[in-house]
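Subject: Structure handover

Hello,

Here is the structure I promised to send. Please open it alongside this email and follow the notes as you go.

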Protein chains: 2
Amino acid sequence: MIEKLIQKIKKTEAPIVAGLDPMLAYIPQPILKSAFDEYGETLEGAAQAVWQFNKGIIDAVCDLIPAVKPQIAMYEQFGIPGLEAYKRTVDYCKEKDLVVIGDIKRGDIGSTSAAYAAGHLGRVQVGSRSYAPFDEDFATVNPYLGTDGIKPFVDVCREYDKGLFILVKTSNPSSGEFQDRLVDGRPLYEWVGEKVDGWGRDHMGSQYSYIGAVVGATYPEMGKRLRALMPRTFFLVPGYGAQGARGSDLASFFNEDGLGAIVNSSRGIIAAYKQEAYAAFGEDGYAQASRKAVEDMAADIRQALG
Amino acid sequence: MIEKLIQKIKKTEAPIVAGLDPMLAYIPQPILKSAFDEYGETLEGAAQAVWQFNKGIIDAVCDLIPAVKPQIAMYEQFGIPGLEAYKRTVDYCKEKDLVVIGDIKRGDIGSTSAAYAAGHLGRVQVGSRSYAPFDEDFATVNPYLGTDGIKPFVDVCREYDKGLFILVKTSNPSSGEFQDRLVDGRPLYEWVGEKVDGWGRDHMGSQYSYIGAVVGATYPEMGKRLRALMPRTFFLVPGYGAQGARGSDLASFFNEDGLGAIVNSSRGIIAAYKQEAYAAFGEDGYAQASRKAVEDMAADIRQALG
């Protein structure tokens with residue numbers, strides 16, 4: 001799956017992942033009204049609005065980008081109907097040949113991680129039959145529990161040609177509280193990065209491992225250091241746009257081959273029409289505003305990469 | 001909610017939480033057969049088997065224990081039908097007046113943690129109405145992203161009288177890889193523990209905070225140290241039974257008032273009938289085997305606490 005991701009990045013010339021993290025506040029009134037008219041102001045109504053909103057954006061941007069990253073929390077908050085909308089979104093993106101990174105940040109003790117891995121990336125056995133319940137292409141994973149919480153995910157990725165992005169240095173303001181603490185003179189995130197590199201070494205595509213890392217765009221110096229430490233690790237880089245990072249911050253996350261990273265923007269793409277720069281599109285043109293925001297982001301990154 | 005948990009621990013004289021982590025391999029053949037006859041070997045069939053299995057155990061043990069801890073991964077692996085069985089389990093346990101600890105180990109950047117917190121512990125707004133989609137009483141949370149990933153959970157707990165158990169030192173074999181690394185001469189888990197203590201200080205019940213910690217039974221020396229560092233923090237202690245810890249390992253996790261900890265056993269309770277000690281109950285008596293295992297565990301802990 002890392003090969004498909006790289007191939008699509010080359011084809012689109014846009015190392016961009018659109019974060020499908022819908023909040024009801026982002027959704028244009030006509031979509032909300034139609035969903036509430038049909039299902040009422042219910043969890044089902046919210047889920048329907050989310051799905052319709054996503055579909056519009058996916059249709060508008062799917063030829064421009066290699067991948068999407070639905071954040072499952074934004075669906076899970078609406079309970080079972082929300083999770084149905086998540087699954088519908090995953091399936092639809094795959095129909096459109098987009099690589100789907102499930103931003104699930106799961107991670108637990110071994111037997112429990114195995115269940116998450118089966119449910120999200122692999123298959124689960126029921127009697128004599130097996131099923132792929134969520135079937136994302138990649139998943140994000142939390143490393144706090146160490147190797148035995150990661151290994152079941154890695155095993156499933158090998159078996160089913162999937163991939164991971166493991167949290168190394170996250171984009172949020174307080175990520176340094178634990179991640180930056182010095183252990184034997186080096187920050188914890190570097191130790192985690194080295195482990196990720198180690199887990200990935202035996203799980204290579206042709207050039208990059210399918211065991212990747214999450215490294216926040218908001219910390220470019222740390223990204224540079226991790227890039228040097230982990231040359232074969234693909235980085236998922238969140239934090240562009242609404243979280244503050246710009247194209248000029250991004251060069252250090254890439255290798256000299258122009259690969260090695262894919263940059264996420266969520267609000268900056270999906271709620272583009274609410275920004276002044278794209279306000280002219282209006283509510284009805286929200287999906288076209290997203291398309292223009294993707295084009296602008298791609299140009300910004302291409303310029304940064306020179 | 002921490003007050004309810006403490007009151008129920010006192011009443012049952014059993015600081016025990018039954019981990020409702022069903023695997024199909026634990027489920028007696030008659031229950032599987034009945035579920036598959038009705039729904040086929042499908043995700044719906046698996047979910048029905050899980051739910052019927054759980055219901056039998058809940059009915060058999062609900063008067064003996066204060067709390068249950070369903071591990072959401074074991075449901076999520078069966079996709080949407082599995083998550084429906086999770087919700088049904090949560091609701092049924094609450095009907096039986098059990099405190100429900102959702103073992104979800106979520107944790108993300110602030111806005112995303114806010115969505116998880118709303119969906120699992122609080123309420124989510126849909127137009128003019130609001131809903132409590134999963135509505136567990138407590139949730140487990142991963143601290144790797146620091147304060148801004150935790151605060152939204154804490155805020156929701158305060159608003160809705162819920163609680164957290166934040167991962168500090170987990171019970172699995174490789175938990176030490178990152179958690180035990182020394183930072184300024186002290187292991188990371190102690191720094192995390194101090195943060196949890198800090199987050200909890202302004203969120204107290206009468207005696208203990210509703211911001212608790214996960215501290216694995218498999219590391220009793222570390223539990224002792226954390227107990228001293230965090231006197232007002234309630235500990236959720238996994239690792240008893242199948243993971244190797246015994247009653248004699250547990251005393252150091254409790255305060256002198258005999259409180260301050262609740263010990264989880266999953267397989268040891270729910271799959272008791274598969275152990276030699278309880279084999280006489282047979283498949284048909286699986287729920288009664290679970291009841292006997294709870295009684296034995298309670299006696300083991302009471303003896304350890306003297």
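Below are the findings, taken topic by topic.

One caution before you start: this is a predicted model.

**The barrel in chain B**

Start with the strands. In chain B, eight of them close into a barrel. The order is β1-β2-β3-β6-β7-β10-β11-β12, and the pairing is parallel. From one strand to the next, the twist averages 30 degrees.

Where do strands β1 and β12 of chain B come in? They pair with each other in the parallel sense. β1 covers residues 16-20 and β12 covers residues 261-265. Three bridges join this pair. To find the spot on screen, pick B:Val17, which stands opposite B:Asn264 in β12(B).

Next, look at helix α10 of chain B, residues 220-229. This helix lies across three strands of chain B: β7 (163-169), β10 (209-215) and β11 (233-237). Its direction is at about 165 degrees to β11(B).

**A helix pair in chain A**

Now switch to chain A. Two packed helices are described by the angle between their axes and the distance between the axes. Here the pair is α9 (residues 188-201) and α10 (residues 220-229) of chain A. Their axes come within 10 Å and cross at roughly 35 degrees. The crossing of α9(A) past α10(A) is right-handed.

Which residues make the contact? From α9(A) come A:Tyr189, A:Glu190, A:Glu194 and A:Asp197. From α10(A) come A:Met222, A:Arg225, A:Leu226 and A:Leu229. By class, that gives four nonpolar residues, four charged and no polar.

**The nonpolar core**

In soluble globular proteins, nonpolar side chains tend to be buried together. The largest nonpolar core in this model has 238 residues. Which of them touch the most other members? A:Leu5 and B:Leu5 do.

Take A:Leu5 and set aside its neighbours within four places in sequence. Its contacts are then A:Pro66, A:Ala67, A:Val99, A:Phe138, A:Phe165, A:Phe234 and A:Ile262.

**Two positive phi angles**

Two residues deserve a look at the backbone. A:Asp135 is not a glycine, yet its phi is positive, at about 65 degrees. A:Asp135 sits in the loop between β5 (129-131) and β6 (138-141) of chain A. It counts as partly exposed, because its relative accessibility is 22% and the buried class ends under 20%.

B:Lys105 also has a positive phi, of about 40 degrees, and is not a glycine either. Its place is in strand β3 of chain B, residues 99-106. Is B:Lys105 buried or exposed? It is buried, because its relative accessible area is 8%, and under 20% counts as buried.

**Helix α3 in chain B**

B:Trp51 belongs to α3 (residues 43-61) of chain B. At 6% relative accessibility, B:Trp51 counts as buried. Neighbours within four places aside, B:Trp51 is in contact with B:Ala85, B:Arg88, B:Thr89 and B:Tyr92. B:Arg227 is 176 residues apart from B:Trp51 along the chain, and their C-alpha atoms are separated by 36 Å.

With a relative accessible area of 13%, B:Gln48 is buried. Again leaving aside neighbours within four places, its contacts are B:Ala35, B:Glu38, B:Tyr39 and B:Arg88.

Best wishes

Definitions and conventions:
Residues numbered from 1 in each chain as written. Chains lettered and ligands numbered in written order. Predicted model: local features only at pLDDT ≥ 70, side-chain atom pairs only at ≥ 80, totals over all residues. Heavy atoms only, no water. Pairing = 2+ DSSP bridges. Helix = DSSP H or I, 4+ residues; strand = E, 2+ residues; numbered from the N terminus. Axes fitted to C-alpha atoms, helices over the stretch in contact; angles between N-to-C directions. Contact = heavy atoms within 4.5 Å. Left-handed = near helix turned anticlockwise from the far one by under 90°. Nonpolar A, V, L, I, M, F, W, Y, C, P; charged D, E, K, R; others polar. Core = buried A, V, L, I, M, F, W, Y, C linked by side-chain atoms within 4.5 Å. Buried < 20%, exposed > 50% of the residue type's maximum accessible area, 1.4 Å probe, protein only.
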